[in-house]
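Biologist: I'm new to this one and would like a close look at a single part of it. Could you walk me through it slowly?

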Amino acid sequence: MNIMTNSSKLRGFERAVRVENVSRRAILKGLGLAGGFVLAAPILSRPAFAYETGAGKMPHGVVVDPRVFVAIAADGTVTILAHRAEMGTGVRTSLPLIVAEEMEADWTRVHVQQAHGDETKFGNQDTDGSRSTRHYLLPMRQIGASARTMLEQAAAKRWNVPVMEVKAVKHEVVHDATGRRLGFGDLAADAAKESVPAVEGLKLKDPKDFRYLGKGEVSIVDLHDITTGAARYGGDVRLPGMKYAVIARPPVTGGKLVSFDAAAAQKVSGVEKVMEVKGWPWPSKFQPLGGVAVIARNTGAAIKGRDALKIVWDDGANAKYESVAYRAELEAAARAPGLVVRKEGDVDGALKSADKVVVGEYYLPHFAHVSMEPPVAVADVKGDKAEIWAPVQSPGGTREDVAKTLEIPIENVTVNVTLLGGGFGRKSKCDFALEAALLSKELGAPVKVQWTREDDIQHDFLHTVSVERIEAGLKDGKVIAWRHRSVAPSIASTFAAGTVHQAPFELGMGLIDVPFEIANIQCENPEAAAHTRIGWFRSVSNIPRAFAIQSMVAEIAQAAGRDPKDMLLEMIGSPRHVDLSSVKDLWNYGEPYSSYPIDTARLRKVVELVADKGGWGRSVPKGHGLGIAVHRSFVSYIATIVEVAVDEKGKLTVPRVDTAIDCGTYVNPERISSQIEGAAIMGLSLAKYGEVTFKDGRVQQKNYDDFPVVRMDESPLITNVYIVPPAADTPPSGVGEPGVPPFAPALINAIFAATGKRIRALPIGKQLEA
Amino acid sequence: MIKLKINGQEQSWDGDPNLPLLWFLRDEVGLTGTKFGCGQALCGACTVMVDNDAVRACITSVSDVADRQVTTIEGLHPTGDHPVQKAWRQVNVPQCGFCQAGQIMQAAALLASNAKPSHDQIREAMAGNICRCGCYQRIENAVHLASTGV
């Protein structure tokens with residue numbers, strides 16, 4: 001850890017910090033929260049380490065106020081609010097740990113409490129985009145430092161000594177000169193009366209004094225409860241008089257209910273009521289799809305009742321969506337010019353002058369999130385008030401959407417965030433909570449809406465479906481031309497009818513930000529219309545892009561007779577910050593390019609590190625092969641080597657995976673490892689099996705039997721993770737998502753090395769058996 | 001009226017005898033540690049022990065377990081210190097944690113029948129339990145640790 005340091009280095013901070021958006025602070029005052037700092041502007045620290053993040057540009061920005069996040073009881077128990085959602089990344093532990101570190105709290109005396117959804121109070125709560133540590137490392141440190149300062153001021157007053165003579169040390173404030181000491185609990189009441197210090201004057205701890213940050217010795221706060229069944233997920237909420245509901249939804253996206261016959265359903269033991277659920281027209285954003293709800297005394301009865309429903313649907317405009325034909329459409333689009341989104345040099349001319357042109361066309365189908373916990377929510381709506389309990393990644397957004405859907409004031413909506421049994425982007429969309437709210441309002445009772453696994457797969461906001469076509473021109477063994485056409489329906493189509501181009505945040509995930517040092521580069525985005533709900537899936541467009549680009553590098557290496565790793569490093573080129581001035585909207589994960597440039601030295605470093613540690617070039621048994629891939633996403637750098645073994649029947653196993661990640665300054669290396677280990681499994685799942693197909697507008701898959709994911713008996717035998725120690729003052733970057741994208745191309749390149757078969761369409765399925 | 005014992009306590013049910021045990025546990029008894037993941041015995045999130053065998057509660061009806069002893073994650077050990085639970089914590093297995101009750105019950109059943117399972121036996125016995133977060137390597141390490149003494 002090298003982030004922020006002692007007070008001498010904080011000089012000049014005052015000039016550098018920009019606290020803007022005074023009007024929003026005025027709003028806070030109106031709510032009785034005077035003294036809170038809403039940093040709507042980028043967070044800057046001392047000039048020597050002036051890193052800026054996009055945190056302030058997120059809806060509702062960042063709130064830095066210890067009185068919002070920290071409470072100290074008379075017995076010394078420190079309660080710290082976790083305002084981001086826990087879906088397995090460890091954030092519910094990591095962010096409060098940062099506060100505890102900086103306030104000198106003893107972690108064993110810290111209680112973590114989950115914040116409800118209230119972005120005015122807590123700042124942005126969208127737990128997505130691998131942003132939590134990157135946006136909150138510094139604000140959480142500032143919150144902790146503020147609380148520590150207030151405790152120190154209170155002790156100094158009590159002892160009538162200058163504040164610089166006292167110091168907080170592990171849950172106490174001490175006065176060295178006299179040996180006096182007071183516990184945080186003894187000081188709590190007085191400290192609360194102290195004014196909140198200005199962010200600009202805060203002294204942050206010297207990282208060499210850190211007890212917790214960067215060490216990886218603290219387990220997640222929910223560990224014990226998870227192992228005893230006491231941890232509470234969305235479906236575990238039980239309220240007196242609560243009804244259990246499942247919903248039959250239109251099988252085609254954009255379809256609607258015509259009529260239903262509930263006679264048989266109502267005869268099912270335990271079924272209490274059958275009723276229509278309001279649906280929204282396509283594109284429906286995060287609003288419910290509508291359908292027929294079966295209300296029962298338990299979920300089992302509701303499911304049985306639903307099975308007995310007879311429903312007539314109007315399938316609507318997407319009734320002809322069919323995956324084989326759609327793939328052909330995407331391929332045709334990728335073979336013709338499209339909207340130019342990055343252009344440097346003359347790619348047509350360079351391709352014509354090339355000795356050799358290598359063309360690769362890569363297909364990646366839709367796939368579903370299938371988090372272990374299917375969507376579920378509990379709502380209790382009484383009059384114009386609503387209370388929700390749900391595993392949502394966006395509690396603030398959920399609150400807004402519930403208010404809008406029920407047409408009640410947002411202040412009347414409480415969103416309680418449970419643990420999430422996996423999220424992966426699915427639970428950024430709160431349609432399931434809105435369904436529960438609508439049903440509770442109508443029934444006048446608390447309702448739990450449980451999605452079955454079939455509901456989850458058939459009505460997901462799916463990962464897009466894409467064709468990535470790359471043409472590379474070589475001259476004298478060097479790549480001189482690179483044309484990449486990316487065609488895929490956009491997530492924006494879920495919000496705006498008629499969307500045919502990808503949004504900047506999708507183009508910026510591996511297409512326009514390709515880091516290669518090639519003179520002639522052109523990136524294009526031909527049109528594609530969506531016929532189902534498309535949504536964020538962990539790593540998003542980086543998955544198809546890394547698959548295509550990193551496969552292509554290996555294909556070029558093959559064509560040029562070069563080692564794939566050497567070719568990769570040559571194409572990355574010299575250590576530099578990639579000049580993307582030719583790109584109109586770079587996006588860059590919402591981060592300013594000045595703090596988070598594409599740094600090819602760091603990109604090269606993870607390639608070299610993984611090659612070294614992972615034994616690139618080592619001899620492997622017959623039928624085995626090594627593949628390598630690197631990708632920058634969520635402003636982190638990550639490279640993976642996969643060793644694959646393919647037997648004579650075409651069955652593949654993965655003996656070993658090595659991954660190097662550079663995510664800048666980090667909080668909990670133990671959780672970084674767990675994320676990367678898991679990303680390898682998710683990458684292997686999507687590469688081997690991940691495919692959702694449509695016929696007659698309907699999803700063809702239903703459950704884990706026809707939409708399989710990797711199980712333990714096929715998981716990699718060894719997964720090694722190497723975390724690059726951050727150089728001094730490297731800003732924090734993403735961890736939750738970057739691990740997935742390089743896995744599939746590394747695997748595919750390994751399969752080529754093992755068998756000579758080049759796979760260009762995922763999933764692998766039975767392609768190796770042919 | 002169906003009678004059964006859950007975590008040592010008598011329970012009875014006079015509703016639909018075909019109600020899956022999973023929903024009886026979760027919605028009628030209020031033991032929510034057992035999770036719903038697929039409803040088709042494909043993922044193992046709902047694994048409980050019936051007598052000493054691991055079963056999938058989502059496809060086991062209440063009538064199937066009449067007069068039997070059902071153990072859920074809540075009843076595995078009074079203070080949550082079964083060797084498998086302890087090993088799980090030592091290895092920091094969980095990410096989201098949702099599948100872990102089922103994984104732990106499956107592992108406990110495995111060790112009850114085979115105190116020292118081999119690497120391959122662990123991988124085979126645990127293959128019915130999906131972890132979408134991908135904690136498999138740690139699960140295997142934890143089962144191994146539990147079998148060798150925590």
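Biologist: In which sense do S7(A) and strand S8 (residues 180-183) of chain A pair, and over how many bridges?

Modeller: They pair in the antiparallel sense, over four bridges. Before we go on, this is a predicted model: local features need pLDDT of at least 70, side-chain atom pairs count only at pLDDT 80 or more, and totals for chains, interfaces and linings use all residues. Residues are numbered from 1 along each chain as its sequence is written, while chains are lettered from A and ligands numbered from 1 in the order in which they are written.

A word on terms: strands (E, at least two residues) and helices (H or I, at least four) are DSSP runs numbered from the N terminus, and two strands pair if DSSP finds at least two bridges between them.

Back to your strands. A:Val174 has A:Arg181 in S8(A) as its bridge partner. S7(A) and S8(A) make a hairpin with four residues between them, and in that turn A:Gly179 has a positive phi of about 75°.

S7(A), residues 172-175, has another partner too: strand S6 (residues 166-169) of chain A, again antiparallel and over four bridges. Here A:Val169 stands opposite A:Glu172 in S7(A). The hairpin of S6(A) and S7(A) has two residues between the strands, and A:Lys170 takes a positive phi near 40° there.

Strand S25 (residues 652-662) and S28(A) pair in the parallel sense over six bridges, and A:Asp658 has A:Asn720 in S28(A) as its bridge partner.

How far can you trust chain A? Its mean pLDDT (the predictor's confidence in each residue, from 0 to 100) is 93, and 94% of its residues reach 70 or more. Over residues 1-49 of chain A, though, the pLDDT is below 50. Beyond near neighbours in sequence, that stretch has 94 contacts in the model, a contact being two residues whose C-beta atoms, placed from the backbone, lie within 7 Å.
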